[in-house]
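This report describes a covalent link and a helix pairing, taken in that order. Please keep the sequence and the structure in view while reading.

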Amino acid sequence: MKQPFSASFRRLAALALLASAPLAAGCGGDPAPQPGAQDPFGPLGDRADLPVTERVSIPNLGAPVDVVRDKDGRPHIYAHSLADAMRVQGYLVAQDRHLQLEFFRRVSEGRLAEMLADADPSVIDIDIVFRHIGLHRTAKKQYEAMGAEERALLDAYADGVTQHFRALREREATLPPAIFAIPPEAFTDWTGPDSLAIARLQSYELSYTGDFELGDTLTFEALRSGFKANDPDPKLAARAGLERDIFRFAPANPAITSTSFPLMSNKSGAPPAPAPSLPNLDGRTIRYREAIERVRNMIAPEGFGSNGWAVSASKSSTGHALVASDPHLTLSSPAAFWPVSIEVDDPAEHLKVSGVAFPGIPGIILGHNEHIAWGSTTNYYDVTDLYAETLTPDGASVVFGGKNVPLETIDEVIQIQGGEPYTYSVKVVPHHGPIQPVITADHKVAPIDPKAGALSVRWTGTEPTNELAAVFSLLRAKNVDEARTALDGFQVGGQNWMIGDTAGNILWTSHVNVPIRDPKALAWDPATYTGTLPCLVLPGDGSAEWKGSLASELVPWTKNPAEGFVATANNDPIGDSLDDDPSNGKLPDGTPLYLGCSWDIGFREGRIHERLSSLPKASPDDMAALQGDARSAMGSTFAPKLIEAIDRSEAERKTPGTHPDLSSVVNDPAYDFQKILRVREILTAWAQQSDYEAAAGIDLDTNEPLPESGETADEARAAAATLVFNTWFVRLIERVLGDELEHMGRPAFGREPRAKALLTLTLSDPSKLVTYDAAVQDSVLWDDLATDSLETRHERMIRALLDALAWLETNAGADIDAYRWGAFHTVRFDALIPLFGQLAIPAVGDQVFPDGFPRHGDNFGVDASDSSLSVRLDKSPNFHYAHGPVQRFVIDLDPAGPRAWNALPGGAVWDSQSSYFQDQAELWRKNQTHLVPFLLPDVVAAAASRTVVTTP
């Protein structure tokens, strides 16, 4: 049935989705004050130092509620009951971020097509994907299983959202002026399951790995099939087994979170099992994978991560525990998080908490109360398995354990704007989960082909769990032990929780439901890279099943480590993958300990360890400085290798025949030895003067290049070196791996795998590599498949430098000393819909920052600002970035009252005419923070307004 949305709205919304723009939301005006409230004041009473500036009336409150909005835009909610606090929280977040709520509700529930299909039929594919996994079905089960008290709180929050949405529909509230062509009718009433579906969407984006596992399986297949030892082409045959050299499970930096967790080597003796295969897996899954990627880019694109660490009182300069948290998600306008503080004065429900919330989800997800503080990073535990199913000839059953098991069917009706409803019959393998749909070009699901087989997916998130209860228990915890007990109830969406308390204790816990796999699912041979791994497609015949979950005590955690600090950065937490074999962990009791395959590359964790270890006592300022650390991990690793190559090329230039492998590149007309030597000079100075600081070299107020003299000289030189190095590094990756990737048809091979592959080829003993060629005493992967000549590592490095200098001369000029990294390495917090350019930060067309804010940092640094490493030689590198810290939180847990600092990449309110629109972005982009008021006197001192909310 056609929906009542204007064509212009449909076009604008489609633009947002097609651009994969991160979602933000708006703040409408408040309903007109209604007279007749039973009490003229809220819990704060009549105060001369805090006059009431506004009165608002919404139904169903038990008593008046005070809302103090501080100078940084954070609302502080004071209520007599938790239900009232939740109702007002829902109302306020709908007021500030209504469009964000509505959009993500439709994504999570698979209901985009009912309002966007006219303009963009491909949104039907996204609806199919989310009806397949069934977040809305799980949300309803969660809601039904909740206790009465929890459900009442969820309903109160939903009612608050609904009240503002109704005010929008009834024209009692308005959308921001910069948002046009979006009708208020789009904002329908909210329900408790809506919030739970959004919460599960967040868990899905941060823990569901079915798309990654499918991509890795396809990459392995392409590597193995593209290069065979019996290939008649000797160049291809010489590369047989290259997956063992370029597809690495071990991190590049071996820093881990804890060495105290018991871990033993395990080899069960199970022989490697043959990996299952499905015909045309790539072609049949492409639309499914594309739909997932579009949604993932809205929340957590390639390279997402987080940093978090805690310092105990014994290592703190203040004598108190310190906690730091900077989660890395999509940088949007407004920020992914919404700041809020909540205080409930009923002794039976007492709560005093401050932090940030996900819009649409009640409570606070990251922050602190009077006694503890916490941050989190995604823990990357593998809680998803894909199974290759064998179907019976009629396609009605799967073969499991030698028996035929009938498929179950769930009919999902997708309403399609401008068309007839489409019923997608989700086929479910009872013991695994839904069968992955094969989406056709006309946005339908193809019938199951028994001959082709099928993929089913098992994910812990399809089971109803109660993370909301765990979070509310955390909000009330009085010490790290109570916090850990509370988080034992956090079962899906695994996080590394970094916690400190006012007694000086620190704790890391990573509790989540971690499946125990049958040993046959871990029948992997690391020497040949054959067999089964849960991070690749598994056989669905019953040989690779789950055998329960790890007990709480066995999920890694630690309290008060001897080092005086504990840190996480999405790294391997206990070192199980350091030997490049994720399959061989075992606990002392014999339990197979497989946690995952895909940990972070490790440089952030290593740098955090390095800096915290070097501090005799850490201060809050030290914590903030570490969050802004911009040392180039790749620069410190590869710049010396480039200098070595330059030295060899210059030796060949001066004395031909010294290094004959470099003769061709040295005699290339593009080889300007004066420029080459200048590159050597700035790279050497980069190391000696700046310790590889990836500096922007741009004035952050004027956007002008910093001069090469005076107090900015070192930063200016470092910025020139950073730009030259990163341009070279992008070109080097393509010069070395591009030919193999091209031969394989360009499979999914992301930023981290590319970097790991190049690190392996550059730093390993070549004789230990599968692709070692004794004749040249190096890996054959340095050689270019596309030429008849034999290229070497140093030739490739110099050739990539010529590529980089040519591009830089065209795009940055001929003067190397004038290059500035920050002129190219920029960030813009994109608005929900690209056409709403005035709602981006900086605004599209901004006269001072037309290309975004200049930023320091580069790939794999602590202050995350990763750009793409997947650039073909005929394309320009793009050094912009769109994901990074969505808060910069540091807290000193003083027993007299915690002191917290923070800044968000954007403001609390999505309205360019609001003073709270981009105020915090101005701090964030300069790596500054503001003190967050927590105790009432501080809130009063920072107050910008006070609203009393009552019931008619």
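## Disulfide

In this predicted model, the count comes to 1 disulfide. The bond is formed by Cys-535 and Cys-597, whose sulfur atoms lie 2.1 Å apart, and it links distant parts of the chain, the two cysteines being 62 residues apart. Cys-535 sits in the loop between strand 22 (530–531) and strand 23 (538–539), whereas Cys-597 belongs to the loop between strand 27 (585–586) and helix 14 (603–614).

The torsion about the S-S bond of Cys-535 and Cys-597 is about -70°, and the disulfide is therefore left-handed.

## Helix pairing

Two packed helices are described by the angle between their axes and the distance between the axes. For helix 8 (residues 210–226) and helix 11 (residues 281–299), the axes come within 10 Å and cross at roughly 140°. Because of that angle, helix 8 is oblique to helix 11, and the crossing in which helix 8 passes helix 11 is left-handed.

On the helix 8 side, the contact involves Asp-211, Phe-212, Leu-214, Thr-217, Leu-218 and Glu-221, which meet Leu-281, Asp-282, Thr-285, Arg-289, Ile-292 and Arg-296 of helix 11. Sorted by class, the residues in this contact of helix 8 with helix 11 comprise 5 nonpolar, 2 polar and 5 charged.

Definitions and conventions
Residues numbered from 1 in each chain as written. Predicted model: local features only at pLDDT ≥ 70, side-chain atom pairs only at ≥ 80, totals over all residues. Heavy atoms only, no water. Disulfide = S-S within 2.5 Å. Helix = DSSP H or I, 4+ residues; strand = E, 2+ residues; numbered from the N terminus. Axes fitted to C-alpha atoms, helices over the stretch in contact; angles between N-to-C directions. Parallel < 35°, antiparallel > 145°, perpendicular 65-115°, else oblique. Left-handed = near helix turned anticlockwise from the far one by under 90°. Contact = heavy atoms within 4.5 Å. Nonpolar A, V, L, I, M, F, W, Y, C, P; charged D, E, K, R; others polar.
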